[in-house]
Structures are given as C-alpha cells and as structure tokens.
Amino acid sequence: MPVKHTAQTNGTSNLEHPPIHESSGPVPGGDSAPTESHALATADHEEKGISQLHGQQTSDAVEVKDLGWNEPPEKVPAPLVGGLPNEELWMLVRRFNKQMYHVKATPHLPPGGLDLNVAAEDEFSPDKLRSNVERLYMTVIVGMAGFAKHIARLRSWAETKRTAAFCSAYFVAWALDLLMPLIISTLIALVVYPRSRDILFPPAPLALVDASTGGVKKPTAGVLGSYGSLTGAPEKHHGEAVEQEAHNFVSSFGAIALSSAAGEHPDNKTQQEDSKAENSVPDPTEFAMKAADAKDSAGGGDTSTKQDTAKKPVEEAMWEKARPVMHIIGDIADTWERFANALSPTSPFPKDHPRLKLAGAVLVPLLVVSIFVDAYMVAKGTTFFIGAGFFGDPLISRGLAWLNANVPNWQEYLDIRNSLLRGVPTNAQLTITLLRIGEASKAPLPPPPSENVSAPPTHAAKPLDSDEIPLEASQSEVEDAIHPDAPPVAAIAEEESKPEQKGSKAKKLLSFFKGTTKTGVNTALSTDPIKASAGSKAAQNRLGAVPSASAEPPSSGPVVFPCRHHGKKGVLYIITSAASPCVSFSYEKHQDKPEFVVAIPEIREIKKVGGLGWKSKLVVGWSMDRNVVDAIEIVDKDGKEWLLTAVHLRDELFNRLVAMGGQKWESW
C-alpha cells in the first residue's frame, strides 16, 4: 500500500461556504460556517475529550489518529468527546447507522441552522418505516410509559411524603383558584432547574415499577439487566436493551398482521394439539408470500383481480398513504428528540439557552395569563375558536390564498425549527455534529463495538440497594425483583421435551427445505465468478457479498477500507493530506495506480446499497446463517456514480464521508 494513502489528514474536507462547497480550503468555522453543526464542530469547546485534545496538539501535516477502530471497548480511551461517555456516544452512532440510508447535498440553508433534515420528497421504503417506528418506540412510547409509571407511583401513596406534598400543594392551589399557575410554575422549575426533576420525580428503573400499583415488581425479562428499558433485559452496551425492544415491537406488529392475513384462528384447540397433520406442517406465519391469497384459494375463492375489483385500488391507496404516514411518524420522533435535547442538552450544544428560551417564550407568558384569566374566559374563548374553525372555511381559504400569494414562505415562520427550537438538534443531527468534531480534530471517532470484539451480555443483576430506589420497598423485595428466577427442574424438562414430542416432524420438514435452499443458494453463488468474468454487472456486484463463515473480516478504518469495484478486490483510501481531500480506489493488483479519485467537495450524494436484493438477503440469512456484506454508492457533482461492494465497514465509511466535508446534507 502506498505511503501517501495512509500518511496524513486534515480531518475535514477543504470546502467553502455557499452554495455547495467546492474549494480546497478547510471547512470554515464561526459565523461563516455552512451550518451551526459545522460551527460547533470546529469551535473551541470548554469540555474536551481525547479526540478534541488531539486536535489541539496537531497541525495540518499530522497523521490521522486511530483512537481504537479495531479495539475492544475497554481499550478505547474515554471520553472520546468531552462531556459525553463513550457508551452514550456509541448508542447515538448505532441508532444513526440504522436511521441514515441516503443523503444528498443541498445548496439551500437548512431550517433551524442544522442540516440532515428529512427531505420533503423522501420516498417510502419498508426499512425507513421500520426505522421510524423503532425510533417512535425508543422516544415517545418509552417516555410516555415512564410518565405513566411516575403517575402510578404518586397515586399509590407508596412514597408517602412525596405524595402528601403533591396532594397538599394541589388542594391548597385549588382552594385559592391558583391551580393552573401552580402547574405552570412547576413546569418552569422543571425546565429551568434540572435538579428539580430528580427532586420532584426521583428516577427508578422502569422495569422495576408496576404501572398498576406503583410498587416494586419483577421485570418482565426476569432480571434487571438495564435501567432504561421496559422489560429490564440485559444489554452489552448502554441502550441496546431498548433498541432490541423496539426491534421486537415492530416484528410483533408484523407477525400479528401476517397472522391476520393468513387467517390463523384456533377454532378447535384439540384439533391443533392432537392432529399429526397440524404437528407436521410448519406454522403458516413463517411464510409471508401471499398468505391471504393462499387462505382465500384454499376456501375456494378467486384471488385474481378480475373477481376482486377492490383489491388493486385498496393496495394502491395503502402504498400511496404509507409515505405520509412514515413522514408523520418520523416528524413525531424528531420533535420529541428536539424537546428532549432542549431540556437535557448534550455537549457541544449550548446547555442553558434552549431551556431558558423555552421557559421565557412559552411558559412565563402562560403563567402571567393564567393568573388573570379565569375558567369562564378560557371556556368561552375555546368554544368561539371551535365554531370559527368549523364554519369559517370560506374565510380561512381566502386567507390562506392571500398568504400564499403575498408571503410565499409564510410556513417557514411557523416552523418550530426556525423559532422556539432553532439550533436544537434531533439525535441524528447531534450525531453528525459529534462525528464532525472527530474529523475536525483529525481523530475520527471509533465505531460502536461489534459483536466480534464485545463480550456477551451478563444476566447477573446489577448491584442495587433499596436506599437507591425511591420506592417503599425492603432490601429483600428489591433482591427478589432484580435477580433472575431459577425455573423448576421439572418445568425445564417439560419445556425441552415439547419440541421433541410435537415439533419433530415440523422441524424435519423445515430442515429439509433449509438444506435444499442452502444448496441452491451455494450453487447460484458459485456461478457468479463465471458470470462476472463474462461481463455480468449483477454478478460482479454480488462477488464478496457473502463471505465464508470461517473468513475473518479484514482490518478496516479509519483511512483504509477494503472493498470491491466491478467485482475486483481493492482498497478505498480516504486521503486528506492532499491539496483537496478525496477518496481514492485502487485495485489490489495495481495499488500504485488509482482506478478513480473523487474529491470530497465534489460529492453530492451518498447512498447505502444492499449487497444482495432483499429477497436474496433473507434467503441467505435463513438458509446459510451468514451475514451479507453491503455496498455504498457515491455520486459526484457531474452525476457520475461509483458503486463499491463488499464493504465490511460500510456504515463507518458512510459516516466518515458525510462528516468530512462542508456539504449541507438532506436525508432521503
């Protein structure tokens, strides 16, 4: 490998400001930065981590610092970014990897001063929908569940002193007609003074609180292995348990929908339990292809569109509405994340300004109004606006038409990102800012630990004392709740014997199909080298996508990324020591002669691409129990595309490319 490819870096791409950065200078900081994210990444932070300290000690001619890209987590220096533990940083990056698939550079200033917003023309895909629903679970659903458990704790009187204090304050304010001012004043205290949150609402592990009684309960996972998840399941790294819950949440919905489509309904349990035919046939919910049609056909129905004229219109309507539904779910999760990051900011974003702005612009005026406005005036005003909205459609339509004609961008003034939450990031915008800090410091942040270098999760309960839990519970009750149950030996034996007695034929049938499928897949993959030599583009792109089970992944990052181009092995280098930073690909046999070079400032689009088609990927995963190595596509300003396949650190390469330059990205 040529020394010039691995020697040194500038950390950030050499781009200038408007409209899309194409010069070879460094990304500007301060007021001339492309976005507030770029400005924060290049600023001098009060709290500095290992990455930022390295940036202070280096010059433009210093090599890229490898902070532990291929090391186990315990050998990675901490903290990588000032004010943020490594575990929380990796949690953000993990979720960023699942959320970001496709970005495009835009010449327009982003709303709120932060890029990486979702494009209005973003197209629907099942993967994006799943990602948005998982984010909805991890933010809104878990947050609302935590709120409900706090209410249950207050209502239970298990924490006598705290409930008595809330009760007294409530009824005193009620007697003095100051109930709304009391509620708003409490909200102001929670927003402005973070310590009040733990005083008024002492935190407790979510899985340990019974939502019905407010007392201590045993976690549904059987052990308290995590604090922020609803089940208490064990986790290897911070946040993994709730991520797995979100994954299972979406999968469960899919299983329910599939069961409904397949018509799974146990009309007679005796038939299912005692029938040899039922025991020998695999569960129909395992087969997703045309389950509903299969059910109708079995009942003598005609599933063709000739007979069912409603089938095609309904399907088209569902797919047409799937895109706005996906956007609505994403917008809800984004708004929740922005408010969470405003109330509890993460470095390097300002810690006080968003909270004070939220309190001063919204809550304080509401407090003043609540003191002088009585309940009658509120009811009268509310009913007036309801009537005006119901009967005033002609006036509203004319008003909107006038606004569109005279103030074309009036919606931007109402966008909360441009006013109350300006400069407040979503978790994705926070993550790309952290990645840009690493690039600006010439020390790219190491990726989250992979399964290959991370120890398996422990099922031992975390040490927890009854004094640490703000619930009225003894130490013995806490110990009973957090330690795993030891199931009776008889129950274990019975459970192990069930599959042997009832599922053996089904297992054999599935094993047969799995074996034949595996043989077919191996045969198809073995012919790809011949097809690739004959010039088949599809076969060339599949080469290396399914590595052998015994093959060790090559050492990658932060500068060198082994991959393939047109099916041939090679290496992609990220070069930042040149006059203009670029990516350069060289074939394995001609490392001194780059096949292509793309300047970072000229990149306009980066897209994650599957190593195989989605159906092929499912078949390979099921029949061969192997991972598929995915691909990435890079598009320059002239529209020229470069597809790199079999990229083992595809997500990490994507993150470096989006964080290096001064482009203002949109998520597609």
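Two strands are said to pair if DSSP finds at least two bridges between them. The legends below rest on that definition and describe a predicted model.

**Figure 1. Overview of the predicted chain.** The chain contains 25 helices and 10 strands. Of its 668 residues, 41% count as buried. Among contacts between residues at least 6 apart in sequence, 69% join residues at least 24 apart.

**Figure 2. The pairing of strands E1 and E7.** Strand E1 (residues 102-105) and strand E7 (residues 603-609) are joined by 3 bridges and pair in the antiparallel sense. Lys104 stands opposite Glu605 in E7. Both strands belong to an open sheet of 6 strands, whose order is E2-E10-E1-E7-E8-E9 and whose pairing is mixed. At the edges of this sheet lie strand E2 (117-118) and strand E9, each of which pairs on one side only.

**Figure 3. The hairpin of strands E8 and E9.** Strand E8 (residues 631-636) runs antiparallel to E9, and 4 bridges join the two. Ile634 has Trp642 in E9 as its bridge partner. The hairpin has 4 residues between its strands, and Gly639 takes a positive phi near 85 degrees. In a regular strand the side chains alternate between the two faces of the sheet. Strand E9 (residues 641-644) has Trp642 and Leu644 on a covered face, whereas Glu641 and Leu643 lie on an uncovered one.

**Figure 4. The sheet of strands E3 to E6.** This open sheet has 4 strands in the order E3-E4-E5-E6, and the pairing is antiparallel. Strand E3 (560-565) and strand E6 (594-599) are the edge strands, each pairing on one side only. From one strand to the next, the twist averages 25 degrees. Within the sheet, strand E4 (residues 568-575) and strand E5 (residues 582-587) run antiparallel and are joined by 6 bridges. Gly570 has Tyr587 in E5 as its bridge partner. Helix H25 (residues 650-660) packs on this sheet and touches E3, E4 and E5; the direction of H25 makes about 35 degrees with that of E4.

**Figure 5. Helix H25 and the sheet of six strands.** Helix H25 also lies across E1, E7, E8 and strand E10 (665-667). The helix runs at about 165 degrees to E7. The strands named here are part of the open sheet with the order E2-E10-E1-E7-E8-E9.

**Figure 6. The packing of helices H18 and H25.** Two packed helices are described by the angle between their axes and the distance between the axes. Helix H18 (residues 427-440) packs with H25 at an angle of about 80 degrees, and their axes are 9 Å apart. H18 and H25 are therefore roughly perpendicular to each other, since angles of 65 to 115 degrees count as such. From H18, Ile432, Leu435, Arg436 and Glu439 meet Asn655, Arg656, Val658, Ala659 and Met660 of H25. Sorted by class, this contact has 5 nonpolar, 1 polar and 3 charged residues.

Figure 7. In H18, 12 of the 14 residues are buried, so the helix is largely enclosed by the rest of the structure. Among them are Leu430, Ile432, Leu434 and Ile437, and the buried residues also include Gln429, Arg436 and Glu439. At 1.5 Å a residue, the 14 residues of H18 should span 20 Å, and this agrees with its end C-alpha atoms, which are 20 Å apart. Lys442, which follows H18, has a positive phi near 60 degrees.

Terms used: Residues are numbered from 1 along each chain as its sequence is written. This is a predicted model: local features need pLDDT of at least 70, side-chain atom pairs count only at pLDDT 80 or more; totals for chains, interfaces and linings use all residues. Side-chain values use heavy atoms; hydrogens and water are left out. Axes are lines fitted to C-alpha atoms, for helices over the stretch in contact, and angles run from 0 to 180 degrees between N-to-C directions. Contact means heavy atoms within 4.5 Å. Buried means under 20% relative accessible area, exposed over 50%, partly exposed in between (1.4 Å probe, protein chains only). Angles under 35 degrees count as roughly parallel, over 145 as roughly antiparallel, 65 to 115 as roughly perpendicular and the rest as oblique. Ala, Val, Leu, Ile, Met, Phe, Trp, Tyr, Cys and Pro count as nonpolar, Asp, Glu, Lys and Arg as charged, and the others, Gly among them, as polar. The expected span of a helix is 1.5 Å times one less than its number of residues.
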